[in-house]
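Please keep the sequence and the model at hand while reading.

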Amino acid sequence: MSIDHSEFDYIVVGAGSAGCVMASRLSEDPNASVLLVEAGPKDTSFWLHIPIGYGRTIADEKVNWKYDTIPNPALNGRSIYLPRGRVMGGSSSINGLIYIRGQAEDYDHWRQLGNTGWGYRDVLPYFKKAEDQENGADEYHGVGGPLSVTNLREVNPLVDAYIDAAVEVGIPRNPDFNGATQEGVGYFQGTIKKGRRASASQAYLKHAKSRANLTIVTNSLAKRILFKDKRAVGLEFEENGAPRTVHCRKEVVVSTGSINSPQLLMLSGIGPADHLREHGIEVQHDLPGVGQNLQDHYGGQIAWKCSKPITLNDVMMSKWKQLMVGVQWLLFRNGPLSVPAGQASLFTKILENSATPDVQFLFQTLSGGYYEDGLFKFSGFANFICPVRPESRGHITLQSAKHTDSPAIFPNYFSAEKDRQIAVGGLKLARKMAETTRLGEYIIEENLPGSAIQSDDEIEQYFKENGGSVSHQIGTCKMGSDPMAVVDSELRVHGVEGLRVVDASVMPKLISGNTNAATIMIGEKGADMVKQSAKGALASQSVAA
């Protein structure tokens, strides 16, 4: 859609998990005009809608930023590939479709850090508001929301064997990781609706985009936010390469994610003053925390060769099987192509002093390399292991003042000793599970890291040389009131007016699990905050009149 006027009440930059929510909710008011600006294309590709499509889109430059980190010292100088969605729906259009909220304690900790209104009981209503839970409404879940959350349509016998093996080694079953407690082993639920991906774009914009007061532009890369007297008043961007300038009457909302949001703020003059001056950027406000506090889930996999031809590897090695499961999905929207990237998970405590689970296992009925590497050419399955609350911290800086250049990403993975201890302990636990009769019957041998890797030092080195990111970056525009905070508890950028950041970058600490559900919750809560501010401003004007 092209822009037929140059002024809006709200400008939302980024149509990712939170941006789609913001645009949808703000445009519910027919008197508020909303512009949504997305750098990537429309989400029309077939592969964005079939759940198994993540295997292709995760490395497709047409819909993916395809970032690489700066060489990581603690990983023997390796650079790590970071896929991020560059399409309507953002990373919710290319991710593994897993719905996990994290632990209640994660959000209570946010509140304890001084972020009033962000404790678990504060955010739970927004999780429920977003959700259309297949299993029905209860204390923890909602129905009728935009986001479909469903059970697995296809349960491979490997998944049941994995869950039984975990129970055998002392892990309790958990029928709902998003309910009363996270600890235990059980099935994932997915953001899937009738066998199709339920991205934030499909969930929130499919119907909203027809509203007369909502304008959506794609293939439009933000250049900088415009300011007047410390107030955000508009946006410069390029639509299909052509320069555009739009203005806003109320607020600019930045929802471009934990890599792009700090970059856009810095390009706009909001960030560490000395760093901005190095690149010739005029400083609007010196905010040293922009780009700092980068956190992510980094881990590694243990993989096995399977004794039975029942894995996704077997499907993809056979043209006939590919045809059969393809027809199955097209006709019935089920089968191996209809499931999330992980089918089961396990949350438990590795370290004795951990009060809550400190590791997550993501079980997959497939095995292969990371992202672009593809599946192995043999029957196999794998379990990815990562510490859920890593202590390693990184940062993001500008490489230049050009909006078309990628930022420099320094994740500092695996630099904290505690992260390494949890990863090593997690792999040992996974091996213990593999020794059970229930899971062992499906194992020919351990493929990765292999039986030659035994000592703690060898296992740690394996993670350093072969691990990867689950791409759950957060924290680079963190919420708080300390000197390194970027936004306050209302998600307003410190030091300026009319500007908020609403996405995963505002999380002060990484949650214990996959981040998409929490990012959508932030969008829901952020939209309410913007609406309340507008009501407050209107009330003040009425009193003044």
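## Charges over rings

Arg-86 lies over the face of Trp-65, at a distance of 4.4 Å from the centre of the ring. A contact of this kind also involves Arg-333, whose charged end sits over the ring of Trp-329, 4.1 Å from the centre of that ring. The model is a predicted one, and the distances in this report are computed from it.

## Aromatic rings

How many aromatic pairs does a search of the whole structure find? The search gives 16 aromatic pairs. One aromatic cluster is formed by Tyr-298, Tyr-413, Phe-414, Tyr-462 and Phe-463. In general, a pair of aromatic rings is described by how far apart the centres are and by the angle of the planes.

## Strand S16 and its partners

Strand S16 covers residues 298-306. Is S16 mostly covered or mostly open? S16 is mostly covered, with 8 of its 9 residues buried. Lys-305, which lies in this strand, is partly exposed at a relative accessible area of 27%.

S16 is joined to several other strands. With strand S19 (residues 380-387) there are 6 bridges, and the two strands run antiparallel; here the bridge partner of Lys-305 is Gly-380. With S22 there are 4 bridges, again in an antiparallel arrangement, and Trp-304 stands opposite Glu-446 of S22. With strand S23 (residues 468-469) there are 2 bridges, and this pair too runs antiparallel. Gly-468 in S23 is the bridge partner of Gly-299. In a regular strand, side chains alternate between the two faces of the sheet.

## Salt bridges

The structure holds 30 salt bridges. One of them brings together the side chains of Glu-445 and Lys-305, with 3.3 Å from N to O. Why does this pair tie together parts that are 140 residues apart in sequence? Glu-445 lies in strand S22 (residues 443-448) and Lys-305 in strand S16, so the contact links two elements with that separation of 140 residues along the sequence. Glu-445 counts as partly exposed, because its relative accessibility is 39%.

Arg-420 belongs to helix H11 (residues 417-434) and Glu-460 to helix H13 (residues 456-466), so the pair ties together parts 40 residues apart in sequence. Are these two partners buried or exposed? Arg-420 counts as buried at 14% relative accessibility, and Glu-460 is buried with a relative accessible area of 17%.

## A further pair and a network

The side chains of Arg-492 and Asp-488 also meet in a salt bridge, at 2.9 Å from N to O. Arg-492 is partly exposed, with 38% relative accessibility, whereas Asp-488 is buried, with 16%. Elsewhere, salt bridges with shared partners join several residues into one network: Arg-25, Glu-28, Lys-129, Glu-524, Asp-528 and Lys-531.

## Cysteines

How many disulfides does the count come to? The count is 0 disulfides. Cys-248 is in no disulfide, and the nearest cysteine sulfur, which belongs to Cys-477, is 18 Å away. A disulfide is a covalent bond between the sulfur atoms of two cysteines.

Both residues can also be described by their accessibility. Cys-248 is buried, with a relative accessible area of 8%. Cys-477 counts as buried at 0% relative accessibility.

## Ile-216

Ile-216 is found in strand S10, which spans residues 214-217. Is Ile-216 buried or exposed? Ile-216 counts as buried, because its relative accessibility is 11%. Along the chain, Ile-216 and Pro-157 are 59 residues apart, and their C-alpha atoms are separated by 44 Å.

Conventions:
Residues are numbered from 1 along each chain as its sequence is written. This is a predicted model: local features need pLDDT of at least 70, side-chain atom pairs count only at pLDDT 80 or more; totals for chains, interfaces and linings use all residues. Side-chain values use heavy atoms; hydrogens and water are left out. A salt bridge is a side-chain nitrogen of Lys or Arg within 4 Å of a carboxyl oxygen of Asp or Glu. Buried means under 20% relative accessible area, exposed over 50%, partly exposed in between (1.4 Å probe, protein chains only). Rings of Phe, Tyr and Trp (its six-membered ring) pair if their centres lie within 6.5 Å; planes under 30 degrees apart count as stacked, over 60 as edge-to-face and the rest as tilted. A charge sits over a ring if NZ of Lys or CZ of Arg is within 6 Å of the ring centre and within 35 degrees of the ring normal. A disulfide is a pair of cysteine sulfur atoms within 2.5 Å. Two strands pair if DSSP finds at least two bridges between them.
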